[in-house]
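Q: I would like to learn how to read a folded chain by way of its sheets, loops and backbone angles. Could we take one structure and work through it feature by feature?

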Amino acid sequence: MKRVLVVALLLLVLALGAGGGYLTGDYLDTPKPSTSGVAVPLGDMSPSESPLPVKTPIPSNVTALETGLDYTRHTFTVTPKGQPAVQLSVETPAGWRLSRDPKAPGEVKYLDKLRERGVRIEADEPATRTTSAAMAQLVVDLKSSQAPENDLRILSQTDEQVEGDDGDQRKVSTLVYTYIPNKTLRYVIVRWVATGNDDLTTVEMSITGLPQDAPALDEVLEAATRSVHEIG
């Protein structure tokens with residue numbers, strides 16, 4: 001009788017062990033977020049630490065944007081949050097169409113007909129940030145906001161001076177990066193421009209497209225940087 005009881009107990013322990021192993025495995029396959037430990041910037045996480053594997057971008061078959069584009073001057077009004085309206089003027093590629101977002105009244109965009117490339121122009125008012133400080137802050141924001149699987153890569157960060165159409169030297173800071181927001185790798189240039197006689201940002205612009213567009217996007221960036229100015 002004792003032997004039968006022992007055997008029964010052993011069978012019961014084995015059954016519980018098997019069930020516990022199944023539940024543990026199921027839990028580990030769907031891990032829950034942890035609130036303990038030291039926070040690590042997303043941009044510094046390795047693929048092994050990522051909740052999802054880094055995306056493999058699908059190559060775009062869109063023909064690369066050519067250099068030597070024609071440009072058109074546009075004048076428009078934007079209203080930075082909590083600030084008076086500002087009238088700006090800038091040159092963008094001919095044929096790129098104006099786009100506005102009611103939720104972002106401080107900026108406008110000009111997009112190509114494929115909506116694959118674009119120029120975003122934003123008035124930075126009041127002018128309280130240096131161009132370098134604004135660039136450094138965006139790097140921090142990108143690393144904390146972009147999921148690791150989007151494969152954010154900072155390609156360059158530079159500070160320099162560019163001559164405007166008026167002949168004055170403008171302090172600019174420029175950030176270039178790539179990431180995969182959906183399926184295609186995107187190439188982004190963000191530039192902060194001080195149109196005054198100091199290093200305070202008055203205009204923020206971003207030029208976006210595909211990696212194969214890089215030379216043409218550089219040209220678009222330079223045209224916008226030289227031409228942008230506030231009216232009035």
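Predicted model: local features only at pLDDT ≥ 70, side-chain atom pairs only at ≥ 80, totals over all residues.

Q: Which residue in β5 stands opposite Lys109?

A: That residue is Arg120. Between β4 and β5 there are five bridges, again with the strands running antiparallel. Arg120 can then be followed onward, for its bridge partner in β9 is Ser206, and six bridges join β5 to β9 in an antiparallel manner.

Q: How many strands form the open sheet that contains these pairs, and in what order do they lie?

A: Seven strands form it, in the order β3-β4-β5-β9-β8-β7-β6, with antiparallel pairing. The edges are β3 (97-99) and β6 (153-163), each of which pairs on one side only. On average, neighbouring strands of this sheet are turned by 20° against each other, if direction is ignored.

Q: Which helices pack on this sheet, and what do they touch?

A: Helix α2 (residues 131-145) packs on the sheet and touches β6, β7 (169-179) and β8, and its direction makes about 10° with that of β7. Helix α3 also packs on the sheet, where it touches β5 (118-123), β6, β7, β8 and β9, its direction making about 20° with that of β8.

Q: Why is β5 described as largely enclosed by the rest of the structure?

A: The reasoning goes by counting buried residues, where buried means under 20% relative accessible area. Five of the six residues of β5 are buried, and therefore the strand is largely enclosed by the rest of the structure.

Q: What is the order of the strands in the other open sheet, the one of three strands?

A: The order is β1-β2-β10, and the pairing is antiparallel. Its edge strands are β1 (71-78) and β10 (229-231), each pairing on one side only. At the level of strands, β2 (residues 86-93) and β10 run antiparallel and are joined by three bridges; at the level of residues, Gln87 stands opposite Ile231 in β10.

Q: Where should I look for a positive phi in a residue that is not a glycine, and is such a residue buried or exposed?

A: One place to look is a hairpin turn: β4 and β5 form a hairpin with six residues between them, and Arg115 in the turn has a positive phi of about 60°. Because its relative accessibility is 61%, Arg115 counts as exposed. Another case is Asp151, in the loop between α2 and β6, where phi is near 55°. Asp151 has a relative accessible area of 18%, so it is buried.

Q: Where is the peptide bond that is cis?

A: The bond runs from Glu125 to Pro126, with omega near -5°. Pro126 lies in the loop between β5 and α2.

Q: How do I read the surroundings of a loop residue such as Asp199, and which residues is it in contact with?

A: Asp199 sits in the loop between β8 (186-194) and β9 (203-209), and with 32% relative accessibility it counts as partly exposed. Leaving aside neighbours within four places in sequence, Asp199 is in contact with Arg129, Thr130, Thr131, Lys171 and Ala194. The C-alpha atoms of Asp199 and Thr128 are separated by 9.6 Å, although these residues are 71 residues apart along the chain.

How values were computed. Residues numbered from 1 in each chain as written. Heavy atoms only, no water. Pairing = 2+ DSSP bridges. Helix = DSSP H or I, 4+ residues; strand = E, 2+ residues; numbered from the N terminus. Buried < 20%, exposed > 50% of the residue type's maximum accessible area, 1.4 Å probe, protein only. Contact = heavy atoms within 4.5 Å. Axes fitted to C-alpha atoms, helices over the stretch in contact; angles between N-to-C directions.
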